Amino acid sequence: MAKRIIKKVAVLGSGVMGSRIAAHFAGIGLPVLLLDIMPKDLSAGAKPAERNKIVNDALTAAIKSNPSPVYHKDVIKKITTGNFTDNMKDLADADWIIEVVVERLDVKRSVFTEVEKYRKPGTLITSNTSGIPIHMMAEGRSEDFKKHFCGTHFFNPPRYLRLLEIIPTPFTDPEVVDFLLEYGDLFLGKTTVLAKDTPAFIANRVGVFGIMAIMNSMEKLQLSVDEVDALTGPIIGRPKSATFRTADVVGIDTLVKVAKGVAENCPQDEAKAIFEIPAWLEKMIANNWLGDKTGQGFFKKIKSADGAKDIQVLNLQTLEYEPRKKPKFASVDAAKPIEDLNSRLKALVAAPDKAGEFYRQFHYALFSYISNRVPEISDELYRVDDAMMAGFGWEIGAFESWDVLGVTKTTAAMKAAGVHVAPWIDEMLGSGISSFFKVENGKRFYYDLHTKAYKQIPGAEAFLVMKNFANETVWKNNSCRVYHLGDDVLGLEWYTKMGSISGDVLEGIQRSIAIAEEKYKGLVIANEGPNFSAGANIGMIFMLAIEQDYDEIDMAIRMFQNTMMRVRYSAIPVVLAPHGLALGGGCEICLHADKVIAGAETYTGLVEAGIGVIPGGGGTKEFILRAADEMHNGEPETITLQNRFLSIATAKVATSAYEAFDMGIYRKGTDVVSVNINRRIAEAKQAVISLSADGYVMPVQRTDIKVLGRSALGAMYAGINGMFVGKYATAHDVTVAKKLAYVMCGGDLSEQTLVSEQYLLDLEREAFLSLTAEKKTLERIQSILKTGKPLRN
């Protein structure tokens, strides 16, 4: 088969999913043709804008939606719109056609009839259906169509939810399946999961079962909506939206539709009774209480008598909304301080209270269900876990959770409780195998039902997971571990709350670099937590400032600065692989790396102004240095400096890794984006090997940084005062901004001067130190510590 290259994509249907799928393809750089129907009752001479009104309005609404479906505002330029009447002929130029029209088989077949008239042989044609059997859509089509047709089920929103289920029919060419699995992973950043053509495929089949099982248990245990959401959110490694908030976001009608579809189309499903819709849920549908789309579902936003906004929750016994009550479970309170999810899950399931009973009922039902779905929905059990983590945002999969709780022990407890497992589980345990997964030499293996033995998860060499190298630990302290990742490359990760950078973390960075310089090629710094780093440990700074221990603060800042400079100036290459939040100190360490391999969903910026200080770990210095280099490249001197000043002063955060290039945080030609977050660490390791092989030499500290002195400082002060007069800035904002401007101009110098990095670090540190003495700064820090929220604009 000839090499297949996707140069252009066509998306048919511009609804919520179609417009966002188009935006995602455009976001990776592909030209996209987005088509939909024309409005009814158009006049004969209607102009293109009128004929394309439906698709244009849909795309505009998508681009304006929050969260944004695009990595960068310029993405929309790659999308061309049209309609099914005028533009079906343009499908001849497409290499991949994706159907996303209304969920009716007759409508889809009608669209495919038109597609057949214009698509060139060999063009991929896929459907994003979530409920119609894929093989039924292929019936009656040409041999070439059927050969290149399958299901490609994206999850909403496509930019953020990483699951892409690939569902072939008996007619689909296996090479097409392999291509889509690889393309979705490598170019679209997806966890691609091969699914069988069964009702609801994998993720929705298991996910909706989980929700219905939770509803079943809550009725038995008489739990409230708020109590269930408190039990099924981050405490067990699930999203904040937990169960009922997720249902409101997705749409309660959608949930019911999937549940009814499974009940009707899966007569052999041993748990089909679970999918029966409770009377109170049917009443919600009848009342049109469908969640966010209708303004109320399990939750409802209201305005109180004083005009304040409030959220009420539905009482499922009375079907009336009432004020929310904070749930209280002794076992949950005891488990919250446990940082490690695996340990926390064990404690919760073993708890003797009502919460523990809920966890046991839910997990036993879930484990029983997934054991019976393999091989029905997938031949390989790891695909079930992949689907749930990528599609529903679970931190660990269902089979992995079973491993964590102990397969032998939990299976025995399930049977004692009258919950049965599939025969292959007993057969596996009887053969002496007591876990679904195992790790050897950094590689992950899964239990295969067909061979009754472990097999390596395919393609895993591209997905390097640091915790799989626990047996290769080179050094550790209370917050960090340094692993040998193979090929003479070290990997450093830390596992503090929100990835905060503490004294232990700074020690870990220094030690890992020192160890790498002794006998390794280089160092990768990354982690697999929800976020890379939300910044420095501001709690420590707050305590020192309250005690007015400014010598200790000065020492702490020096330690931070020295560590960042050690990242920049070491004898080995240091490559960072951030993802999620990379704020404050998490941004500063990236600014000093030899190379950054950033996950596309990296939200980064120097946000210290949000607490009333300036970046003190070399971030301000680095922005001055880069502004000076941009001046040499022909950029206007004051403009480039002002842009960087504003980024810091307004605590601006890039909403994607691509936007971070525009802000000058990542460097064009040096740093790169890894669209698939699971690939970034392996790519960072390869970057270390390449830099080392190319003869890496330690850089020389800069002494030629041009600063503008009073000529720029006066203009900046005038702008800051103008913001204050216009009431766009508080008096404290002005204090912080003027300190920042002073540092960024190199101080009160009478003329433009060349200075060293250390000169700027000293100015930066002095400004940071003086601002920690400000009362307003302490108030801001205290507020953030109380809310627990990261520093974001």
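In which order do the strands of the open sheet that contains β12, β13 and β14 stand, and is their pairing parallel or antiparallel? The order is β12-β13-β14 and the pairing is antiparallel, where strands (DSSP runs of E, at least two residues) and helices (DSSP runs of H or I, at least four residues) are numbered from the N terminus, and where two strands pair if DSSP finds at least two bridges between them. This is a predicted model, in which local features need pLDDT of at least 70 and side-chain atom pairs count only at pLDDT 80 or more, while totals for chains, interfaces and linings use all residues. Residues are numbered from 1 along each chain as its sequence is written, and side-chain values use heavy atoms, with hydrogens and water left out.

**Sheets and strand pairs**

- In the sheet β12-β13-β14, the edge positions belong to β12 (437-440) and β14 (453-456), each of which has a single partner strand, so one side of each is left without a neighbour in the sheet.
- The twist in this sheet averages 35° from one strand to the next, and strand β13 (residues 443-448) runs antiparallel to β14, joined to it by four bridges; F445 has Q456 in β14 as its bridge partner.
- Another open sheet is formed by three strands in the order β9-β10-β11, again with antiparallel pairing, and its edge strands, β9 (299-303) and β11 (320-323), each pair on one side only.
- Strand β15 (residues 473-476) pairs in the antiparallel sense with strand β16 (residues 480-484) over three bridges, a hairpin of three residues joins β15 to β16, and W475 stands opposite V482 in β16.

**Helix packing**

- Helix α14 (residues 341-349) packs against helix α17 (residues 398-405) at an angle of about 75°, with their axes 9 Å apart; axes are lines fitted to C-alpha atoms, for helices over the stretch in contact, and angles run from 0 to 180 degrees between N-to-C directions.
- The two helices α14 and α17 are therefore roughly perpendicular to each other, a description that covers angles of 65 to 115 degrees.
- N342, L345, K346 and V349 of α14 make the contact with S401, V404 and L405 of α17, contact meaning heavy atoms within 4.5 Å.
- Of the residues in the contact of α14 with α17, four are nonpolar, two polar and one charged; Ala, Val, Leu, Ile, Met, Phe, Trp, Tyr, Cys and Pro count as nonpolar, Asp, Glu, Lys and Arg as charged, and the others, Gly among them, as polar.

**Two buried residues**

- K108 is found in helix α4 (residues 105-118) and counts as buried at 1% relative accessibility, the term being used under 20% relative accessible area (1.4 Å probe, protein chains only).
- The side chains of K108 and E99 are joined by a polar contact of 2.5 Å, and, not counting residues up to four places away in sequence, K108 touches E99, V101, V102, E103, S127, T129, I132 and M137.
- A polar contact is a pair of N or O atoms within 3.5 Å; within protein, one must be able to donate a hydrogen and the other to accept it, and residues adjacent in sequence count only if both atoms are side-chain atoms.
- S502 lies in the loop between β17 (489-494) and α20 (503-519) and counts as buried at 15% relative accessibility; not counting residues up to four places away in sequence, S502 touches S479, T496 and N537.
- The C-alpha atoms of S502 and S431 are separated by 47 Å, the two residues being 71 residues apart along the chain.

Conventions:
Parallel < 35°, antiparallel > 145°, perpendicular 65-115°, else oblique. Buried < 20%, exposed > 50% of the residue type's maximum accessible area, 1.4 Å probe, protein only.
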